[in-house]
2 protein chains.
Amino acid sequence: MPGRAIHSIMPNQFDAFLAALAAIVGKDHVLTGQAGTARYTADWRRNFPGAALAVARPADTQQVSRVVALSARHGVAVVPQGGNTGLVGGSTPDASGRELVLSLDRMTAVRRVDALDNSITLEAGCTVLAAQEAADGAGRLFALSLASEGSATVGGVVSTNAGGEQVLRYGNTRDLTLGLEVVLADGSVLDQLGTLRKDNTGYDLKQLFIGGEGTLGVVTAASFKLHAQPAKVLTAWVAVPTPQAAVDLLCRLTGAVGERVTAFELIGRQTLAQVLAHPLDGMRNPLTIDTPWSVLFDVSETSALMDPEPAVHAVLEAAMEASAVTDAVIAASGRQAHELWALREHVPEAQRLDGPSIKHDISVAVSRIPEFIAAAGAALEALMPGIRIVCFGHVGDGNLHYNQSKPAGMDEAAFRAQEQAVHDAVHGAAARLGGSISAEHGIGRLKQQAFLQYKPAVSVAVMQRIKQALDPHCTFNPGRLLPRPVHQPS
Amino acid sequence: MPGRAIHSIMPNQFDAFLAALAAIVGKDHVLTGQAGTARYTADWRRNFPGAALAVARPADTQQVSRVVALSARHGVAVVPQGGNTGLVGGSTPDASGRELVLSLDRMTAVRRVDALDNSITLEAGCTVLAAQEAADGAGRLFALSLASEGSATVGGVVSTNAGGEQVLRYGNTRDLTLGLEVVLADGSVLDQLGTLRKDNTGYDLKQLFIGGEGTLGVVTAASFKLHAQPAKVLTAWVAVPTPQAAVDLLCRLTGAVGERVTAFELIGRQTLAQVLAHPLDGMRNPLTIDTPWSVLFDVSETSALMDPEPAVHAVLEAAMEASAVTDAVIAASGRQAHELWALREHVPEAQRLDGPSIKHDISVAVSRIPEFIAAAGAALEALMPGIRIVCFGHVGDGNLHYNQSKPAGMDEAAFRAQEQAVHDAVHGAAARLGGSISAEHGIGRLKQQAFLQYKPAVSVAVMQRIKQALDPHCTFNPGRLLPRPVHQPS
């Protein structure tokens, strides 16, 4: 209720709380002090250094339930944490030292893999890589694929509705999730962990926790769809003259091979230049021509009895004839395909090595990608002549990581001083085209201001009512995603 | 809030309310009296005859907003209605004569079709058939396909998360929905009508209204994914000795042609016998042998450059060699395919012509279909020797319409007297296997008792908190899905 005060633990209660915590999870699994908690208290990019009252590492769902109930009783805020690979400060404690980090890192079991049902059930602390391996062991594909998959966990990808490189074909985490087990703010366990494909018995509650950023409950386990493994993957690097030509190529390609288009990435000239200026061993330009835009795509086929390669060749030939494609290379081996993807995956690191940057994660309808690139580019050039635009991303999903590096010779402080104006230019261009200011990274603390600026007020108000209904004392992740409720006397 | 009284309109306020309603939608679009409202007040199966205070037919979202706000002020319950094709009494008024039917049947516009984005935006009263035709006109596929598609509307399929015949490949309505426009209980408009494929800016609120059965808001428009049209569809009717053999065949088939398996239906001997006992013109058994179980499947291919037929043949040959398939026919033409599907689609009508029946709509994991059929069959035979089991449905999704016709010679009253015991046997068998008591039809009024019996109490309690948060005065569809809140003084 809006008038309810939010309790907060007092320092003289710390010891009693920590003792009760140790009684639940065992004292070896209650971490305190700077040294013990360091890896849990700052996000991995170190944009949000924090401090924790403690880190609790429960062994099972029952312990999570008891930790949450205890924390709620003591008025301790709970910050659920998976692999700590988030990009928006959503899973680490603030600087107050009064928040409890609830790490799921001991809950790593693969509970069940079922090849016939094409489903897998995993505990929240299981990594995406472990999920892929478990599926692979059963001859199936766990279709989520992320740069951070070695560390990112099930609970984290669910809570952030993670996307990644194969969304075009398989959807994002929401589309892959069949069921969830969630600990609620009063410690009760919401068991929606089935693997049913169809179940119309009331509101689909699990959807609230997918992308809920840990503000409504703690995801303790999840079940996901599995898919058939690809029998063949075709990877191509293609030069196109314009973003419109890239979108047209996507259209030709899906027209010819339909849902087999698994990934479709756009890479701008400046982006490739940064990669080639800061290469890893052996990296080189896959094409001999200079091109303003490149496309990297995968077409995958699950049937060993069918081959999409002739259809892909036909599409590329027709596009070249129409000057919609100016050059192309198809990987001749898995190793070559890996080399092409390595260029794409090295982009963030190359941009870091290049120097200061300002980053965005926008989406628009695929058809409006060219318009967005033109509008945002013009606005940025007007704001800061010479600004270098590092544009790349999942064009097949309408999602661009549309970043900026400072103009050659500009002072870093002068560049940083314009950061908000750059955000406004980019987010404004996306918003005017009906786009999103956060396509896959979420809101957390980093994007809350932009979220409140661009999200319709009715939507934010409904979210606040949902938060209030499920977590009335704001036990979970206060101030992340939604602003803290105003503190009022009861 | 639990203590808040729910208002109810008094008869002396009827005239003022109706006048205000007419001022919003025009007096021609406020229907009253038995004759004017008959088609809106009972469900099409006439299991729930009702009476309405009036039927309001707004022309646009703004009018819906004003009607809802007016109704909320007057304490009039609002029952949103689309094509009135639901099966659980969720969209028609109760017998009190005090509920307002809010029909979306004037809001039929196709707002936008975008072939490049593979998206379509439609008003709530647009039929599924009209959506299919609009998509077809743009060279795309609207992948929802239902027996009732000529009448069922966008608002209805969203609010019930409709399934249908192609869920295996394209998913249910939830999977197809990109955005919604919804009028909330205070009349405000929640605009989430984008067509973005990726947008992680807070809770995905639209999910609550998909399958929300009109209890949380009025869906006024929706945007959906479109797909590539199939270049070729292969339809086959196959005899299998057991349900396990059917599941094995599904596994072989998806192994060979993956996601191209578009539909996979199981039909029991008794089901086919009823169809052939009450045939439409020209219907005949597609096979010459008698078989305990038949499978009807579609494999569709979107690429004109690729042909899945050799792979399907190879699967059937291998299965016949292993005695997992005893006979098979592949449709040689679109007309033959249509004839095979007509047998499947005639099942409900044939069962009606056969006489009294008791119906279910359960789901379990695909791998547990054989176990469910064995367990439920044994329980029913023990309960009522000679009971005839009419088993058919979407096995590829784990969804069976597992119905019963009365034993030959049994008195109808004696059969009906056992209805609850039959429900308990079937629902119990599904529940023990982790299944659902309503896979695609929803809860409405018909299944509320079973819903409360089988849904975990924690889930029901969270749903009630959501309902309370979004519709605190219970304006929308009171008593459907969730029980009416207990009436307490404020």
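Which helix of chain A is A:Ser65 found in? Let us look there first, and then visit other parts of this predicted model.

**View 1. A:Ser65 in its helix.** A:Ser65 is found in helix H3 of chain A, which covers residues 61–74. Is A:Ser65 buried or exposed? Its relative accessibility is 8%, and because buried means under 20%, A:Ser65 counts as buried. Leaving aside residues up to four places away in sequence, A:Ser65 touches A:Val183, A:Gly187 and A:Val189. For a sense of scale, pick out A:Pro356 as well: A:Ser65 and A:Pro356 are 291 residues apart in sequence, and their C-alpha atoms are 43 Å apart in space.

**View 2. Two copies side by side.** Here we step back to see chain A and chain B together. Chain B is superposed on chain A by a rotation of 180° with 0.0 Å of shift along its axis, and the RMSD is 0.0 Å. The two copies are thus related as by a two-fold rotation axis. Both copies use the same surface, since 100% of the contact residues of chain B recur in chain A.

**View 3. Confidence along chain A.** How many of the residues of chain A, in percent, reach a pLDDT of 70 or more? The figure is 98%, and the mean pLDDT of chain A is 94. Residues 1–5 of chain A, however, have a pLDDT below 50. Beyond near neighbours in sequence, this stretch has 12 contacts in the model. Where pLDDT is low, the predicted coordinates should not be read in detail.

**View 4. An open sheet of five strands in chain B.** Follow the strands of this sheet in the order S5-S6-S10-S8-S9; the pairing is antiparallel. Which strands stand at the edges? They are S5 (110–114) and S9 (189–192) of chain B, each with a single partner strand, so one side of each is left without a neighbour in the sheet. On average, and ignoring direction, neighbouring strands of this sheet are turned by 10° against each other. One pairing to trace is that of S8 (residues 177–183) of chain B with S9(B), which is antiparallel and has four bridges. Within this view, B:Val182 can be seen opposite B:Leu190 of S9(B).

**View 5. Helices packed on the five-stranded sheet.** Helix H3 (residues 61–74) of chain B packs on this sheet and touches S5, S8, S9 and S10 (218–225) of chain B. The direction of H3 makes about 50° with that of S8(B). Helix H4 (residues 128–137) of chain B packs on the sheet too, touching S5 and S6 (119–123) of chain B. Between the directions of H4 and S6(B) the angle is about 145°.

**View 6. An open sheet of four strands in chain B.** The order to follow here is S1-S2-S4-S3, and the pairing is mixed. S1 (30–31) and S3 (78–81) of chain B are the edge strands, and each pairs on one side only. Strands S2 (residues 54–56) and S4 (residues 100–103) of chain B run parallel and are joined by three bridges. Look for B:Val55, which stands opposite B:Val101 in S4(B).

**View 7. One face of helix H10 in chain B.** Which residues of H10 (residues 269–277) of chain B are buried? They are B:Thr271, B:Leu272, B:Gln274 and B:Val275. Seen down the axis of H10(B), these buried residues fall within an arc of 155°, so they line one face of the helix.

**View 8. Strand S19 of chain B and its partners.** S19 (residues 399–405) of chain B is mostly covered, with seven of its seven residues buried. B:Asn399, B:His401, B:Asn403 and B:Ser405 point one way from S19(B), while B:Leu400, B:Tyr402 and B:Gln404 point the other way. Strand S18 (residues 388–394) of chain B runs antiparallel to S19(B), joined by seven bridges, and B:His394 has B:Asn399 as its bridge partner. S18(B) and S19(B) form a hairpin with four residues between them, and B:Gly398 in the turn has a positive phi of about 75°. S16 (residues 357–358) of chain B also pairs with S19(B), in the antiparallel sense over two bridges, with B:Ile358 opposite B:Gln404. S17 (residues 362–363) of chain B is joined to S19(B) by two bridges and runs antiparallel; there B:Ile362 stands opposite B:Leu400.

Technical notes. Residues numbered from 1 in each chain as written. Chains lettered and ligands numbered in written order. Predicted model: local features only at pLDDT ≥ 70, side-chain atom pairs only at ≥ 80, totals over all residues. Heavy atoms only, no water. Least-squares fit on C-alpha atoms with pLDDT ≥ 70 in both. Contact = heavy atoms within 4.5 Å. Pairing = 2+ DSSP bridges. Axes fitted to C-alpha atoms, helices over the stretch in contact; angles between N-to-C directions. Buried < 20%, exposed > 50% of the residue type's maximum accessible area, 1.4 Å probe, protein only. Arc of directions from axis to C-beta. pLDDT = per-residue confidence, 0-100.
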